[in-house]
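Subject: Structure for you to look at

Hello,

Here is the structure I said I would pass on. Please open it first; my notes follow below.

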Amino acid sequence: MTALGDLIEIDDGTVLVLGQGLDFDHDQPDVANALVHRVGDTLVLVDTGVTTAFRAALREATGRVGHWSRALVLTTHGHPDHVGNNDLADELADERGVPVEHYVPAADLDQMRDPASYWTRSFERIAGVGPLPAPELAGSKVVSLFQPLRPFGATTRTYEQRPLERIRIGSLRCTGWTFADGAVRVLRTQGHCAGHVIVHLRDAGVLHLSDEGNGPCGAMADADQLKIQAALGAVALLFEEGAATVLTDGHTFAVRRGGEVVPYLDGLLEQATALQEAALGLTGEKGQVRPSAFTTRYAEAVAELGVGGANPNAAFTAMMAVNQLRELGLRPESGGVDAPWSRPVLQNPAPETPRPGSDARSGRDASPTDPGRRDR
C-alpha cells in the first residue's frame, strides 16, 4: 500500500512523489504524482500536485536529489490535481534567492483560470445520463476539493512563449521544447486534454506519461482519443529502442522499468480496442441509443473488462460513455435531455440556390466593380 507523499527513489537525482486516488464520498481529492529531478545545478519539478501535505512531501524530495542553484517547474496539463502547488516555484525563488522558471500549456490557461466553468461544461455533457448532481453543483463540488489551488505565480509563462523546437529521440520525431541543455524534453501529446504534454528526462532515462495513460477512453470534453493512442504507441517505441528505460505517470503510483513497460503500454492500447468493440456492440444494429441506457451497459462492460482507468467513478464513466458514442460516429438527434443518439443520415447536399443579386457562376455578390457582373 502507498500513502500520499511517499517517495520512490528512481536514482540519486530523481524521486517520484506519490499522490492519492479520488474519493468523492469522503471529500478526498485525487493528487497526481510529481517528479523531482536534478540535472547539473537545476532542480526540475514535473507537476506539483495539490494539498499542503503533498507540498511538504515535494519540499522533502527537493532535498533528496543533491545540491541545486536554479529551479524549473513544468506543468503537464491544467487539471487541479496537477497544479495546486505551482506557486511553490515562487516560494523557492524567494527562500533560496535562486532563479526559477515555471511553464504551463497555453491551451489549458482558461481551465486553470476558471476551473469551475471547465468542470461544469464537462458535466453538462452528461446531464440526464445518470443520478448525478446538477452540472453547476458538480463542477463547484469538484473544484472545492482541491485546496489550496494556486496554479500561477510571478514566474509563470506558457511553453508557447518559447520557440517551438523539432525534437528527435531515437527514431521518434516530434515537436516541443527542451531545457537544461537538452537534458529535459517536453513533448506535445494533447490527448488527455487540450494542452497535455509529457516529459522525458534524458539522463535518468525517465519518460513521464502524466495522464495520457489514465484509461482506455479519455473522459474530458477536450480529450482526443486518437492523440492518446498515438502517444502510447510513440512512448512504447522509445522503450523498445532503449531511448527510455523508466516509465512514470500521474496516477498509478508505481515506477515501471525495462521489459515491463512495453507490455504495459500495449495492454493500454488493447484495452482501448476492446472497449470500443464492446461499445459498438451496445449500439445495436439500428445504431440508435439513449445515453442513459448506453451508459448503464457501458459501465457494465467497463467493469467486466476491468478497464476503469484512474479514479473510476460514475461521473467519469458517464463522461467516457459520451465520448465513446461520439468516437463511434453517433450524434444526438436533438438537444433534449437524454435524447437518442444515432448515426447521421448519409445524403448528398441539395443543389445550392444562388442568392438574389449574386453571380450564379461564382456565388459572389455582383457589383458595378465586380468583373463577374453583366450589365443589362
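In β3, T14 has H37 as its bridge partner. The two strands involved, β2 (residues 14-17) and β3 (residues 34-39), pair in the antiparallel sense over four bridges; strands are DSSP runs of E with at least two residues, helices are runs of H or I with at least four, both numbered from the N terminus, and two strands pair if DSSP finds at least two bridges between them.

This is a predicted model, in which local features need pLDDT of at least 70 and side-chain atom pairs pLDDT 80 or more, while totals for chains, interfaces and linings use all residues. Residues are numbered from 1 along each chain as its sequence is written, and side-chain values use heavy atoms, without hydrogens and water.

The open sheet has seven strands in the order β1-β2-β3-β4-β5-β6-β7, with mixed pairing. β1 (7-11) and β7 (156-158) are at the edges with a single partner strand each, so one side of each has no neighbour in the sheet.

Among the helices, A274, L275, A278, A279 and L282 in α8 meet F294, R297, Y298, A301, V302 and L305 in α9 (contact means heavy atoms within 4.5 Å). The residues of this contact are 10 nonpolar, no polar and one charged (nonpolar: Ala, Val, Leu, Ile, Met, Phe, Trp, Tyr, Cys and Pro; charged: Asp, Glu, Lys and Arg; polar: the others, Gly among them).

Regards
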